[in-house]
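Thank you all for coming. I would like to walk through one structure this morning, going from single residues out to the place where the chains meet, with the cut-offs stated as we go.

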Amino acid sequence: MRTTIAYLYIGFFSLLVTGIILFYLLTGRGEALSIAWFLEETSPYLWASTGIGLCVGLSVVGAAVGIYTTGASIVGGGVKAPRIKTKNLISVIFCEAVAIYGLITAIVLSGTTALEVTEVTDMVQNARKMMAAYVTFGAGLCVGLVDLFCGLCVGSVGSGAAISDAANSSLFVKILIIEIFASAIGLFGLIVGVYMTSRI
Amino acid sequence: MAGGRMCFDIFFCCLVVIFGGSCGAEFVPVLVWESNKPTDVQISSPALKKYSTDDFADFFINKLSAFGKKPLVVVFTEENLSVEDFSWQDLAENSVFPHLESVIATAANVDFIPSVSNPLKALQRLEKLGYQWQTVRDLETMNVPEHGGVVMVLEMENAKVDEDRPDFLRRHDCLISSVYSRLVSQADDVVAVYTGRYSSWIEPENEPVLHRVRRLLVEPAPNATVMLMNTSSILIYASDKPQVTESDIKKILTLLPDTVKRKESATYQSVRAKFSTNSTDQIILEFFFFNSTSSPGYWSLENVTYYINSPNHTNKMVLTPESGIVAPVMFSYHCSSKTVFKAVNISLTFQNFQAQPYMEKTKAFDDAYNCELFFTPPIWSGLFVTSILAFIMMWGLAMIMDIRTMDQYDDPKGKTITISVSE
């Protein structure tokens with residue numbers, strides 16, 4: 001069933017894009033389909049807003065999946081070994097940190113995005129605006145995707161930690177080191193995102 | 001199984017179409033005449049029957065067998081020929097084949113068969129009877145064979161571009177009669193065949209094709225409101241008279257047709273025309289079309305220069321278009337909403353504007369690049385964002401479908417679990 005939906009989605013959009021492209025190509029207007037034209041003509045606010053949205057959205061997805069994985073394991077393991085529940089909240093906190101990275105980046109990016117009322121016709125100004133929009137999009141996408149996978153990773157490791165802790169309580173501290181490495185990945189994304197934004 | 005069945009159906013349909021196409025054979029008229037009467041026996045053919053290839057082959061071979069020794073057969077073939085060509089008359093009641101008529105008057109055993117299917121294929125059977133097949137390519141170097149038994153095939157060339165059909169056939173008529181008289185002077189027995197490969201269309205038009213072009217370029221009547229500027233490489237059109245608004249004074253411009261002039265340089269082409277208004281002012285507009293150096297293959301209408309000659313002063317202003325007018329070379333630009341050219345305090349408005357420079361022939365506009373795009377940038381952005389959201393939705397749906405209830409240890413008939421609360 002889910003493959004059907006996936007095929008439906010991919011098929012629909014492929015067909016739509018192919019149809020549009022063939023329409024232009026076969027009426028002799030292939031030149032009108034230009035990625036450069038699309039990038040130049042679309043509003044820079046599209047890119048900036050999409051970047052901010054993806055930033056917080058994707059990082060929260062990562063954090064959510066991580067917490068879901070870890071939480072389920074802690075709850076399950078806690079039935080037979082209730083001692084694990086307090087210690088293993090650290091895994092959940094690591095996952096949450098990932099969401100906070102995304103949130104902070106989104107707030108910083110929103111601060112740099114402001115709606116200008118006047119239409120800018122100067123080429124240099126226009127170029128700077130486009131650059132700012134693309135940087136915002138890139139930074140948002142960067143932080144979002146990095147935090148997404150970081151959250152997934154931390155969640156998986158945390159769940160393993162909870163279960164092994166329930167079995168043997170001396171294992172937990174060692175496994176925590178693995179989680180720290182997993183969390184560092186999220187930090188990388190945050191650093192790159194913030195560094196990109198500093199160029200605007 | 002169903003797919004195999006459908007494949008067979010498609011294959012069958014294709015076969016039918018192919019065979020049907022080949023069966024719809026062309027029927028062309030054939031005119032056969034001889035230089036000498038071989039015997040007193042005349043072989044005549046019924047006039048209205050449709051001859052198949054075999055029938056015609058039999059008829060022709062019978063004709064040739066009446067000769068003592070093999071005659072010289074000359075075949076004049078056109079690409080298109082039909083019965084209507086033979087019966088066509090112009091206003092003075094002359095036919096298209098005057099020379100051929102005089103030849104036939106002195107020839108023997110003239111046979112005209114109005115519809116034969118593929119006569120050339122029938123004539124090719126003469127090769128088996130010992131006739132030598134010779135295709136004549138060049139008339140000057142044509143050598144008349146001394147003895148008979150040769151089939152000379154003369155394929156007459158196609159019409160020239162501006163020639164209409166009666167002139168074309170008259171030219172061929174002269175050719176046929178000259179070749180035939182040459183052959184008759186040098187060979188004893190000549191059998192001539194005049195036919196075509198395919199049937200031609202009926203009734204050629206008496207007027208030249210240019211008439212249609214002339215209608216397109218008809219200058220608008222003085223009270224028509226269409227503005228059309230036509231020079232050798234630029235065409236500009238607007239469905240209404242242009243309107244100039246200069247410091248709140250509106251003027252409607254009427255084009256003076258004889259004043260349209262063209263100028264060209266390495267970087268631009270321009271067209272200039274005089275317009276009259278309801279006052280005594282005379283306005284000259286010059287449209288500058290630049291071939292873009294930044295994006296080669298595109299032309300752009302950069303500005304319109306506006307000269308006004310009123311009795312007390314002459315003024316020149318450069319008006320630029322509000323939205324860029326750019327299109328590739330070989331395409332025109334069209335805008336069904338107002339096209340506005342602006343400068344300080346003055347604006348020039350066209351309705352339904354269409355323009356194209358760098359044309360080879362200004363018969364008609366090429367395909368237009370519209371100012372209203374079908375897929376505007378907002379539409380593309382919307383599609384982009386919608387695809388992202390739709391992807392998220394699909395992912396969410398997939399995840400929800402993955403939820404499984406934990407009912408491995410459920411036993412509706414068993415004891416319910418009790419968990420003692422420990423402190």
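This is a predicted model: local features need pLDDT of at least 70, side-chain atom pairs count only at pLDDT 80 or more; totals for chains, interfaces and linings use all residues.

**Loops, links and an interface**

Let me begin with Asp248(B), which sits in the loop between strand S10 (243-246) and strand S11 (249-252) of chain B, where helices (H or I, at least four residues) and strands (E, at least two) are DSSP runs, numbered from the N terminus. Residues are numbered from 1 along each chain as its sequence is written, chains are lettered from A and ligands numbered from 1 in the order in which they are written, and side-chain values use heavy atoms, with hydrogens and water left out.

Asp248(B) is not a glycine, and yet its phi is positive, near 70°. Most residues other than glycine have a negative phi. Asp248(B) is exposed, at 76% relative accessibility, on a scale where buried means under 20% relative accessible area, exposed over 50%, and partly exposed in between (1.4 Å probe, protein chains only). Asn352(B) also has a positive phi, of about 60°, without being a glycine, and its place is the loop between strand S21 (346-350) and strand S22 (353-356) of chain B. At 27% relative accessibility, Asn352(B) is partly exposed.

Now to the cysteines. Which residue does a disulfide join to Cys335(B)? The partner is Cys371(B), with 2.0 Å from S to S, and the rule here asks for a pair of cysteine sulfur atoms within 2.5 Å. Cys335(B) lies in strand S19 (residues 332-335) of chain B and Cys371(B) in the loop between strand S23 (368-370) and H8 of chain B, so the link ties together parts that are 36 residues apart in sequence. The link is right-handed, with 70° about the S-S bond. Cys335(B) is buried, with a relative accessible area of 4%, whereas Cys371(B) is partly exposed, at 28%. Over all chains the rule gives one disulfide.

Turning to charged side chains, the count over all chains comes to 17 salt bridges, each being a side-chain nitrogen of Lys or Arg within 4 Å of a carboxyl oxygen of Asp or Glu. One of them pairs Lys63(B) with Glu34(B), whose closest N and O atoms are 2.9 Å apart. Because Lys63(B) lies in helix H2 (residues 53-65) of chain B and Glu34(B) in strand S1 (residues 27-34) of chain B, this pair ties together parts that are 29 residues apart in sequence. Lys63(B) is buried at 3% relative accessibility, and Glu34(B) is buried at 0%. Another salt bridge joins Lys263(B) to Glu286(B), at 3.6 Å from N to O. That pair links strand S13 (residues 261-264) and strand S15 (residues 282-291) of chain B, with the two residues 23 apart; Lys263(B) is partly exposed, at 41% relative accessibility, while Glu286(B) is buried at 1%.

Helix H8 (residues 377-401) of chain B has 25 residues and reaches 36 Å from its first C-alpha to its last, close to the 36 Å expected at 1.5 Å a residue, the expected span being 1.5 Å times one less than the number of residues. The buried residues of H8(B), among them Pro377(B), Trp380(B) and Ala398(B), pack against helix H1 (2-26), helix H2 (35-41) and helix H3 (44-80) of chain A. What does Trp380(B) contact, leaving aside its neighbours within four places in sequence? With contact meaning heavy atoms within 4.5 Å, Trp380(B) is in contact with Ile20(A), Leu33(A), Trp37(A), Phe38(A) and Phe375(B), and Trp380(B) is itself buried, with a relative accessible area of 17%.

Across the interface as a whole, 24 residues of chain A are in contact with 25 residues of chain B.
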